[in-house]
Each structure stands twice: as C-alpha cells, then as structure tokens.
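Please view the sequence and the model together while reading.

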Amino acid sequence: MQLYTNGTIHTLNPAAPIIETVLVDDSGRIAFAGDLKDVNPPAGTQEIDLGGNTLLPGFNDAHVHIWKLGLLLTLQVDVRHSQPDAIPDMVGALQAHAAKHTDGWILGRGYDEASMTEGRHPTRTDLDAVSTERPLAITRICGHIMALNTRAMELAGIDANTPDPPGGVIDRDEHGNPTGVLKESAMALVNRAIPAFTSDALADAIAAAHQHQLSRGITSATDPLLTPLHVDVYRQMEAQGRMAVRTNGLAVRRLDGGTETMPLPEKYVSDTLRLDSVKFFADGGLSGATAAIAGTYLVTGDNGVLRYDTDDLQQLMQEAHNADYRIATHAIGDRALEQVIGCYEALYRRKPSQIRHRIEHLGLPAPEHIMRTARMNAIAVPQTVFLPALGRNFRRYLPDDYLARCYPVRSIWEAGITVALSSDAPVVPDDSPLLGMKAAIDRHDHAGNPIAPDEAITIKQALWGYTVGGAIASGDHHDRGTIAADKLADFVVLDRDPLQTPTHELTDIRVCQTISGGKTVYEA
C-alpha cells in the first residue's frame, strides 16, 4: 500500500474538496482519502512524500484521436509543430520524409492554409514537386480536408468526370479539373486506395500515443473514431495488458463517403477499455469552413457540409439507441446542431432512456440549441484549446455574429449541461490539458486576443471539465474523475497548484508524475 502525504491534494469531490492524504491499496484503488489523523495505514505501507507538490485526479481527454496521434509519432509526416510559412516549406518537409522512407505512400498531416503565405490549400501541382511516381496525401490539420498529388489521384480514380460524393466536395479549378483537394466524405475516394495499416502498426501507434498522453498527466481518454479494425486492435492490446491509458472507444457507424453501415460493436467494459458507444459525423470542421452553418462563411462564400440526410441519420441513431448504446455525434455548425438535436429529441421521445448521448464540439450553437440540449440532459464535449490553436482560422472564416458565440462554454455550463473538455488532437499541435484550461479561462487566440471573452469559465470549472466531466461523458464517473474511496488511484502530480496559479502561468506548470492504478507510469 502507498500513503501520499505532504502536498496539496484537490479531490474534485465536493464532499471533501481538499484533503491531507490518500491511501492506495494493492489492487490500485483508493482505500482512504481524508485527513492524516483519521488514517491508520497497515504495517509495511510505503509513504510517498509529495514534497509540497499538488496531487489531482488524472486528467481525462474526452475527445482525442489516439491512433491518429500515434501514427504521427511513428509513421507519418507531422507538420503541426513546425507549421510551414509557405507551401514550399511543407513540400521540403515531405521531401525530407520521402528521402528517409523510400517505399509506398507518402502520408502526412497538419497543414493549415490560413497560416501560410499563399493563403490556400496545396494542390496536386504543388505536391508533384515531392514525387510524381509515389502517391502522396497530406491531411489538413482539422482532419476534414486532404490534398493529393497526381499519382494519388490516379490511384484513387479521380478525374474531371468524378462526381462529388454525398456529403463531400472535390475541389475543382476554373476548367472543372480536380485540384487535388478533397473535402469531407470525398476523402474516402483516396482512403480506399491507401493500404490499410497492419494491426501491429496500429498497436504500436496507440502505445506511442498513450506514452505521450501520460507525459501530459492524462490517465483516461476517449478515442472517437474506431473502425472494426481499430476495435480489434484495442481488444488485443487490452488482452495483452498494453493499455497504458484507460480508453473509451467510439465506434463509427459509417465510413467517409461509404454507404456501408458498420455493425454495432460488441459491448465490452473493463478497467482499461470501454466499448459501448457509437459515433456519427453530422458536419465538417470549423477551421476549414466545412462545418454546416445557416449563414455564410467569409472567404469561401458557402455554408459548409451536412454529412447525412436527416431521415438516414435518424434511422441509424435509432438502431443504436434502441440497443442502449451511447451516441456521440460530431456537430459544430448551427445547421448541423439543429439536425442532431432534433434527432436526439426524437430518440428520447420514441424510447425514453437514462442513457446520456453526447454532442462532440457543440461549436456554434444558437441559444435555443443550448436550452434544448440541456432539457435532454445530453453531454457537451467542446474544445477550448481550439481558440489558441485555430483562432486565426475562426477570425478568417466566421462572420462577427458567429465569432461572438464560438465555443460558448460558459453559456453551455450555465444551462446545466455537463461539459467534458478535450483536445481533439492531432487537430491541435499541443494537447496539454493545462493549455486547454488556460484557453477556457482567457479565451485567447494565436495572437493573444480574446474570442468571445464573455464565454470564459473559471479554473475550477475548467479543471472539473478535464477530470469529472470526461468521466461522466464515458460512463465511468463511478470509477474515476475524483479522488474518493474505492475509486481507481489515477493521479497527476504537478509542481504547482493550478487553482492558485495566475492564468497566464498555467502552461508553465510541470507534470512531475502520472500515476495509474497506484503505479507511477510517468516521471519527469
């Protein structure tokens, strides 16, 4: 057994918010949480001196693409951290990768046209400078847009006669010829041509991502886009004891651009893996102006992409709802939110249920969308970390009235909606929960200017969103999220108390240790 003492311990448990000590038993659960005078540790208990540091519940990233993040750490080109200033810079990074990895497809992620000199997406002509013989596909930072070279287009069978698939767009020049840029479900045209990653490669990617998350103090997370292959890989890793971060998986029902419906996953719940939820995409991404809005975007002049016909979406959701699966739906724009909230309302009307469905992002809701979400007791999973990472894009594309209600977390919170904060990495280059908390409080964009500052929340609320909120969203609040007797001993140790740290210094706080099930799994 272990006894943690001599530090500030915030439990996030309102019955005892600050305590003096935590006793962890040999099963990895909390045996006691309270004052030193009330604990009677058995002989042989190891006393762990926190040295004045702060111990909190382990962070929960409620929406992070773990396997995608892992691929950037293992096999793909990552241009997020050194965002190129111009398209030739990105081409150079791709050429350097291609020189080291000489076979097969050249794959990467992370470009952002809004931050590059040209102010546009790279085209097939740009990317042909990397290679005309090897196929190349680089995904925009949002994950909703992809740029191809000519060879990749040939293998995907894309030419001037290829129609836009439902819910997708093939970008074309003034002559009607494809530029190499694919949006939303159109990405499926090339995804079908890219060889699938092996189970071993995916397992190694997930393992790498888990180790990265532990360094951020993250002990639990939700991976929100699993195909049957990903589900199998997670099950294998769980059986092998390789699940370093407790993971809640959302099984996608329909792949981009496809008409085949994926089967409902076999329900499975253990201490390290939960599979009892499904995922839908209602619209696109806000930073690339493909989220479905009722108004009109600046620059593009359109209003984004709805991914589903409403009747089709309702039918697929009803099947999952009737079988008591949690439903999580990506919905950012107000047009998509109107569709999704209407579908959810119909689900509960047709079959009342205590299961709480999720809305991933909830980026541009109108006030009535917030109130309707609250009445259903649905859960919001927004990303305040988007503000510093993608604020430039929001200012570029959003009219003023939309910018004023961009990711309105305070309004969502005050309506009584459970808020689970998250990163959506690898959409952002920095998935630190401390950065997400700072962004929730100051709401600064890339230049330090606030976006919708009236929607700021407090540090206590932000910390709750990165701990308790995520546990509630996955259905694990009985087991994690707070420090209390009988819960899992999942902790993060910080060198400063975030509740006593000025907002602008939150990202200077260092993760000293990450503890999962009473075992130290990361130490700085």
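Arg372 counts as buried, because its relative accessible area is 13%, where buried means under 20% relative accessible area, exposed over 50% and partly exposed in between, with a 1.4 Å probe and protein chains only. The model is a predicted one, in which local features need pLDDT of at least 70 and side-chain atom pairs count only at pLDDT 80 or more, while totals for chains, interfaces and linings use all residues. Residues are numbered from 1 along each chain as its sequence is written, and side-chain values use heavy atoms, with hydrogens and water left out.

The place of Arg372 is in helix H10, helices (H or I, at least four residues) and strands (E, at least two) being DSSP runs numbered from the N terminus. Its side chain meets that of Glu338 in a salt bridge, at 3.1 Å from N to O; the term stands for a side-chain nitrogen of Lys or Arg within 4 Å of a carboxyl oxygen of Asp or Glu. Because Arg372 lies in H10 (residues 367-376) and Glu338 in H9 (residues 334-350), the pair ties together parts that are 34 residues apart in sequence. Glu338 is partly exposed, with a relative accessible area of 41%. When neighbours within four places in sequence are left aside, Arg372 is in contact with Glu338, Ile341, Gly342 and Glu345, contact meaning heavy atoms within 4.5 Å.

How do the two helices that carry this pair lie against each other? Two packed helices are described by the angle between their axes and the distance between the axes. The axes of H9 and H10 come within 10 Å and cross at roughly 25 degrees; such axes are lines fitted to C-alpha atoms, for helices over the stretch in contact, and angles run from 0 to 180 degrees between N-to-C directions. H9 and H10 are therefore roughly parallel to each other, since angles under 35 degrees count as roughly parallel, over 145 as roughly antiparallel, 65 to 115 as roughly perpendicular and the rest as oblique. H9 passes H10 in a left-handed crossing, that is, one in which the near helix is turned anticlockwise from the far one by less than a right angle.

On the H9 side, the residues that meet H10 include Asp334, Leu337, Tyr344 and Tyr348, and on the H10 side the partners are His369, Arg372, Thr373 and Met376. Met371 also has its place in H10 and counts as partly exposed, at 43% relative accessibility. The C-alpha atoms of Met371 and Ala221, which are 150 residues apart along the chain, are separated by 27 Å.

A search of the whole structure finds 30 salt bridges, and three of them are set out here.

| Pair | N to O distance | Relative accessible area |
|---|---|---|
| Asp38 and Lys37 | 3.3 Å | Asp38 46%, Lys37 69% |
| Arg372 and Glu338 | 3.1 Å | Arg372 13%, Glu338 41% |
| Arg510 and Asp495 | 3.9 Å | Arg510 44%, Asp495 27% |
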